[in-house]
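Subject: Structure handover

Hi,

Here is the structure I promised you. Please open it next to this email and follow along.

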Amino acid sequence: MTLRVLTVDDSRTILAMLHHTLSNAGFEVLQAEDGRQGLDVLMSQDVDVVITDINMPVMDGIEFIKNVRASGQYQSLPILILTTETSQDKRDQGKAAGGTGWIVKPFDPDKLISVIQRVVH
Amino acid sequence: MSDLDDFKATYFDECSELLTELEEQFAAIEAGERDADRLNAVFRAIHSVKGGAGAFGFTALVGFAHAYETLLDYVRDGRVELTDDVVTLCIKANDIVADHVNAAKTGDELPADYGHEEKSRFDLIARGGSGAGSEDDDLNGEIIEEFDIEFTPVMVQLNIDDADEDTFEALPLEVAPGSWEVRFTPFRQLYARANDPLLLLRELSVLGEINVRAVMGEVPALSDFEPFGVYCSWEITLSAPDLTEAAIREVFEFVEGDCEITIVPLGGARISSGQPDAPSSHAAVQQSDYADLLALTDDEVAQVAARPAVSPAAPVAEEPALSFADLAEEISAATPPRVPVAAPVAKIVPPAAAKTGGDGEDGERRSVGVQSIRVDLDKVDRVVNMVSELVITQSMLTQQMDETLRARYTELVRGLEVLAQTTRGLQDSVMAIRAQPVKSVFSRMPRLVRELATKTGKKIKLETIGENTEIDKTVIEQLSDPLTHMIRNSADHGIEDPEKRRAAGKPDTGTIRLSAEQAGGNILIIVEDDGAGINRERVLQLARDKGLVAPDITPTDEQIDQLIFAPGFSTADAVSDISGRGVGMDVVLSNIKKIGGSVHVRSWTGKGSRMTLRLPLTLAVLDVMLVKVGENPYVVPLSSIVETIQCSGAMFERVPSGGQVLQVRGEYVQVIDVAQRFEMVSTKAADERFVVLCETEGSQKVALVVDDIIGQQQVVIKSLEENFERVDGIAGGTILGDGNVALIVDVQGLKVTQFHQNAA
């Protein structure tokens, strides 16, 4: 079964690169530009794994993760946090909010795939 | 990666949006709006620039953006105060970021120390602000090295926190290839973050030969079973050649702090699965967690109870054999009944129940703001073009309905009317897709004014009005240069020094007002200033010196003002050194002409001046006069036509230079025979031909002689350069209703501007 990945990032460049890498790896890719849009996607579609940025307008990644975890429906949805090298404390916040793991920007395509495979059933 | 170039294009595209956003935000911040939203927005913008730059290995940009971002982060969380100095520094930093982005784009090299001064100031401010001294060493640019290689996977090194270092520092990091014992006890929160011991075990099994033993604690009765509870820990022996501790630790990277892990090298010997002390040591941990479980608050209990689908039988029956398949054999047969420790709730919650849970938020989420999609501009252009064609076809159909047909086919006529309405509506909607607020251009101007004020030592403020006025994107793109020139002129030559202003009874600070408004089918963009106005004496003197105005001609004030647009007038360096206007105004004119607009200037001595740009709403459709030259149809933009005259009644005169002029109501106008100009043979006798009298910029006229006038219509402009090549005197092409191609005459391009010839 094709895995469906939701990527949430306000940078088009990152979204484009994620899309490329993930779809090349055979995943189905859904995209959202902020946490709010991400929640909308989750409301309407089943997703196997989420990759989310932290710094975003409207709703940031931390809020987004908290909302997903609070929804009841997605308590065991793997959520990977896409972080930069500087955001150790952000990563901790993300983890505290319920993030499953993280991916460091700039991401290595192979590594990205293996990280996803590590958290999905 | 072959698609790297595409990604880069996206990135640079995004950067230019982000830089515009920065400009806008800082204009507001400078004006005193220092709220959290703005600070977050500027932080995010720099963060995104950096994120992409990292992906492409633009090291210098990453380094600078990183230091800048850190400063912004400190400002954002209040560690650094946003003083005027900091704002000024940030505005400068925006320029440096823009330069870095540009250098990355063009491949040019900036000086190695470019922006270093600002960077060290960030550092200084950040340190001062944090008060804590120097823990943020990454400000010093060390980070740059991490980005030396594209797509460096940096996960492992970065994620060993202090607590774990303590635990493991006694262990030698480099252990002989062989076997390891891993003891793993999850805590409750591990499940809450959607991590799953099963997946970790699966991951370990990828590393090498694996032997797993589940150590059961006290498993409650199924009725008391709590899905996220901890009832089990694992002992794993793992062996593979060259297996390092780091590799094992990486598997547990995401769950550090959420579990207890011990990794012990076995030096090749396998640990017995029945090692006596292991279960008891882990039992303690389990017990304490179990105690946690017992200490659940009433709310939590209620929550657990409310989870409808954790039916006692379901987890046991469904989970184990299925997902543990590849591990099942490895797990000791002696293991007590396998309770699905990590049974993920969502997997077994029936959809209906899940839905009920989400309903409240569901309603809230529906109220999301404007939604948008991003579309390739080419696609929109295609639609715009086709709709324009549709509009033209429709009006052609309507025109062909003569009175007799109208009387006979009333239904058809009604249908055509509805069609006309719908087509117009469609055209408006399609045009609206490409429309953009002029804000995107206006927002670049405050910085320009700021720079000019600094450079000239004047006090200048910029007011912008109507920045939400929308214009077609293709028009907007052409606006930046002309506006820059016009504002530079106002600041350079219009606004006076504070002393002069005071002497003239004006406030020290001069005002430049930039406004946009819609006026019918046009957009007016006006640049006004309250400066000294155009120095007409000076301008006229210069024009005479350059031979632009003959000595015996005395132009009106308005004509003098228009002189600043004359090509050649502004090209001499001398002009910019005196107080006359004119720097680059011919550039303004040609740019605006190119997009079918016009420029007018008015000046009031001592009070200021006003430049008005009149722009079409869109570039796609043009109202034209269809004429014939030789056998070929040509179109002349209607906006430039003053009148048409039959040649037989016109008064032509020969001039010594060999050309012809036409006398129209006492004014001499340069004559251009279009047939001659394009080397064609006229089909008509001289006095049967027509003159199309056109006005070019600066109110100068030109008389085009054509063979026949066919009528007015709308056409869709096609670029000649894209489809063929640039031709002087031709502004583009169009396809007529009958399928013929007609060329669009570029009136300004045809005209050779020679004042003295007019005067002859």
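A residue counts as buried when its relative accessible area is under 20%, and as exposed when that value is over 50%; anything in between is partly exposed. Keep in mind that this is a predicted model.

**Salt bridges**

Start with the charged pairs. Side chains of opposite charge can pair when their charged atoms come close. The structure holds 33 salt bridges over all chains.

Arg12(A) pairs with Glu17(B), with the closest N and O atoms 2.7 Å apart. Arg12(A) has a relative accessible area of 15%. The cut-off for buried is under 20%, so Arg12(A) is buried. Glu17(B) has 39% relative accessibility, so it counts as partly exposed.

The next pair stays inside chain B. Arg434(B) forms a salt bridge with Asp381(B), and the closest N and O atoms are 2.4 Å apart. The two residues are 53 residues apart and link distant parts of the chain. Arg434(B) belongs to helix α20 (residues 410-434) of chain B, while Asp381(B) belongs to helix α18 (residues 377-400) of chain B. Arg434(B) is buried, at 6% relative accessibility. Asp381(B) is partly exposed, with a relative accessible area of 21%.

Lys506(B) counts as buried at 15% relative accessibility. Glu496(B) counts as buried too, at 11%.

Now the network. Salt bridges that share partners join Glu23(B), Asp95(B), Arg447(B) and Glu451(B).

**Helix α3 of chain A**

Look at residues 61-70 of chain A, which form helix α3. Seven of the 10 residues are buried, so the helix is largely enclosed by the rest of the structure. The buried residues are Gly61(A), Ile62(A), Phe64(A), Ile65(A), Asn67(A), Val68(A) and Arg69(A). At the start of α3(A), a side-chain oxygen of Asp60(A) comes within 3.1 Å of the backbone nitrogen of Ile62(A). After the helix comes Gly72(A), with a positive phi near 85°.

**Arg69(A)**

Which side chain of opposite charge is nearest to Arg69(A)? It is Asp258(B), 9.8 Å away. Arg69(A) is buried and has no salt bridge. A polar atom of the Arg69(A) side chain does lie 2.9 Å from the backbone oxygen of Tyr74(A). Leaving out residues up to four places away in sequence, Arg69(A) touches residues of both chains. Among them are Gln75(A), Leu77(A), Ala97(A) and Thr100(A), along with Ala192(B), Arg193(B) and Ala194(B).

**Helix α10 of chain B**

Last stop: residues 197-207 of chain B, helix α10. Its buried residues include Pro197(B), Leu198(B), Leu199(B), Leu200(B), Leu201(B), Glu203(B) and Leu204(B). Asp196(B) caps the N-terminal end of α10(B). Here a side-chain oxygen of Asp196(B) lies 2.9 Å from the backbone nitrogen of Leu198(B).

Best wishes

Notes
Residues numbered from 1 in each chain as written. Chains lettered and ligands numbered in written order. Predicted model: local features only at pLDDT ≥ 70, side-chain atom pairs only at ≥ 80, totals over all residues. Heavy atoms only, no water. Buried < 20%, exposed > 50% of the residue type's maximum accessible area, 1.4 Å probe, protein only. Helix = DSSP H or I, 4+ residues; strand = E, 2+ residues; numbered from the N terminus. Polar contact = N/O pair within 3.5 Å; in protein donor to acceptor, adjacent residues only side chain to side chain. Lys, Arg positive; Asp, Glu negative; His and termini not counted. Salt bridge = Lys/Arg side-chain N within 4 Å of Asp/Glu carboxyl O. Contact = heavy atoms within 4.5 Å.
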